[in-house]
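Please look through the structure shown below before reading the notes.

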Amino acid sequence: MTQSHPRISKAVIPAAGLGTRFLPATKATPKEMLPVVDKPAIQYVVEEAVSAGLDDVLMITGRNKRPLEDHFDRNYELESALEKKGDAERLAKVQQSSDLATMHYVRQGDPKGLGHAVLCAAPHVGDEPFAVLLGDDLIDPRDPLLKRMIDVQEQHGGSVIALMEVAPEQIHLYGCAAVEATTEGDVVKVTGLVEKPDVADAPSNYAVIGRYVLDAHIFDILRKTEPGRGGEIQLTDALQQLAQDEKVGGPVHGVVFKGRRYDTGDRGDYLRAIVRLACEREDLGPDFRTWLRSYVTEEM
């Protein structure tokens with residue numbers, strides 16, 4: 001018999017990072033507001049949460065992040081101007097971001113790492129399981145990863161992390177999971193985690209990517225977690241404790257993702273994400289692909 005677990009209703013989006021890899025663009029503009037074609041990256045992430053049924057969204061922000069709140073708020077002056085011009089199409093786009101979800105915000109204060117950012121969500125989340133979505137990973141809506149993770153959590157309880165196989169020489173860039181197979185092809189049991197291991201020390205080539213469904217017991221562990229790699233409180237370290245002791249917070253499972261993922265945290269991958277998404281747009285794709293082919297041919 002399938003065990004029943006509390007229904008997940010809340011999403012947490014850490015967005016307090018400084019975005020130093022994109023300076024000087026991020027000197028006064030949050031990295032999450034950088035456009036991916038014609039929408040800021042953060043809107044894709046909120047849309048993903050809403051598509052998975054999570055319309056209660058808490059954003060963990062920091063200094064100079066006010067534009068994030070403004071983007072998901074109403075802009076009556078702009079809406080009025082568009083309405084007077086009869087520009088219904090752009091008016092709908094502007095209103096879409098403010099109607100997406102019930103948005104909440106809390107400041108992290110000191111940038112003490114992802115684990116600390118997640119801990120800032122404790123008063124809002126309470127004792128319910130919840131999802132965490134990192135803004136650097138954009139998941140294509142045609143590949144509903146988060147919905148699958150929620151289904152797995154509701155079936156097994158505990159926590160669920162998103163995993164992706166990477167080349168062994170790239171594993172040092174990610175958190176890495178030791179895993180055991182289950183009867184479900186895309187689901188593994190996580191037995192251990194290590195943050196950015198050396199290639200020789202990596203237990204697998206399963207990299208942790210930026211989607212989590214977490215049991216609320218993670219907060220108790222994070223409160224006691226000492227700073228780890230980089231002098232920060234690492235979410236990976238807290239998940240390692242959950243994986244080692246199922247009596248506290250249940251098991252940790254991983255969903256192995258083989259779909260389309262766009263990494264906007266790196267400048268090169270950010271540009272590639274824009275090109276890929278623009279090529280697939282019905283309104284932009286045909287002309288853009290024609291130009292791109294011509295450009296590549298000329299350059300070669």
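This is a predicted model: local features need pLDDT of at least 70, side-chain atom pairs count only at pLDDT 80 or more; totals for chains, interfaces and linings use all residues.

Residues are numbered from 1 along each chain as its sequence is written, and side-chain values use heavy atoms, with hydrogens and water left out. Helices (H or I, at least four residues) and strands (E, at least two) are DSSP runs, numbered from the N terminus. Buried means under 20% relative accessible area, exposed over 50%, and partly exposed in between (1.4 Å probe, protein chains only).

**Salt bridges**

- Side chains of opposite charge can pair when their charged atoms come close.
- The structure holds 21 salt bridges, each being a side-chain nitrogen of Lys or Arg within 4 Å of a carboxyl oxygen of Asp or Glu.
- One of them joins Arg261 to Asp137, with 2.8 Å between the closest N and O atoms.
- Arg261 belongs to strand β13 and Asp137 to strand β7 (residues 137–139), so this pair ties together parts that are 124 residues apart in sequence.
- Both partners are buried: Arg261 has a relative accessible area of 16%, and Asp137 has 8%.
- Arg260 and Asp143 also meet in a salt bridge, at 2.8 Å from N to O.
- Because Arg260 lies in the loop between β12 (252–256) and β13, and Asp143 in the loop between β7 and α7 (145–156), the pair ties together parts 117 residues apart in sequence.
- Arg260 is partly exposed at 30% relative accessible area, whereas Asp143 is buried at 16%.
- A further salt bridge connects Asp186 and Arg148, whose closest N and O atoms are 2.9 Å apart.
- Asp186 is in the loop between β9 (175–181) and β10 (187–195) and Arg148 is in helix α7, so the pair links distant parts of the chain, 38 residues apart.- Asp186 is partly exposed, with a relative accessible area of 26%, and Arg148 is partly exposed with 25%.

**Asp263, a buried acidic residue**

- Asp263 lies in strand β13, which covers residues 261–263.
- Asp263 is buried yet has no salt bridge, and the nearest side chain of opposite charge, Arg261, is 4.2 Å away.
- For charge, Lys and Arg count as positive and Asp and Glu as negative, while His and the chain ends are not counted.
- A polar atom of the Asp263 side chain lies 2.9 Å from the backbone nitrogen of Gly265.
- Leaving aside neighbours within four places in sequence, Asp263 is in contact with Asp136, Asp137, Asp269 and Tyr270, where contact means heavy atoms within 4.5 Å.

- Asp38 is found in the loop between β2 (35–36) and β3 (39–40), and is partly exposed with a relative accessible area of 45%.
- Beyond its neighbours within four places in sequence, Asp38 is in contact with Lys93 and Arg281.
- The side chains of Asp38 and Arg281 make a polar contact at 3.0 Å.
- A polar contact is a pair of N or O atoms within 3.5 Å; within protein, one must be able to donate a hydrogen and the other to accept it, and residues adjacent in sequence count only if both atoms are side-chain atoms.
- The C-alpha atoms of Asp38 and Val132 are separated by 24 Å, and these residues are 94 residues apart along the chain.
- In helix α1 (residues 41–51), 9 of the 11 residues are buried, so the helix is largely enclosed by the rest of the structure.
- The buried residues of α1 include Ile42, Tyr44 and Val46.
- Gly53 follows α1 and has a positive phi, near 95°.

**Aromatic rings**

- A pair of aromatic rings is described by the distance of the centres and the angle of the planes.
- A search of the whole structure finds 4 aromatic pairs.
- Rings of Phe, Tyr and Trp (its six-membered ring) pair if their centres lie within 6.5 Å; planes under 30 degrees apart count as stacked, over 60 as edge-to-face and the rest as tilted.
- The ring centres of Phe22 and Tyr270 are 5.4 Å apart and the planes are at 80°, so this pair is edge-to-face.
- Phe22 lies in the loop between β1 (10–14) and β2 and Tyr270 in helix α10 (residues 267–280), so the pair ties together parts that are 248 residues apart in sequence.
- Phe22 is buried at 10% relative accessible area, and Tyr270 is buried at 12%.
- Phe130 and Phe219 form a stacked pair, 5.1 Å centre to centre with 5° between the planes.
- Phe130 is in strand β6 (residues 130–133) and Phe219 in helix α8 (residues 218–224), so this pair ties together parts that are 89 residues apart in sequence.
- Phe130 is buried with a relative accessible area of 0%, and Phe219 is buried with 3%.
- Phe288, Trp291 and Tyr295 are linked into a cluster by ring pairs.
- The charged end of Lys39 sits over the ring of Tyr44, 4.4 Å from its centre; this term requires NZ of Lys or CZ of Arg within 6 Å of the ring centre and within 35 degrees of the ring normal.
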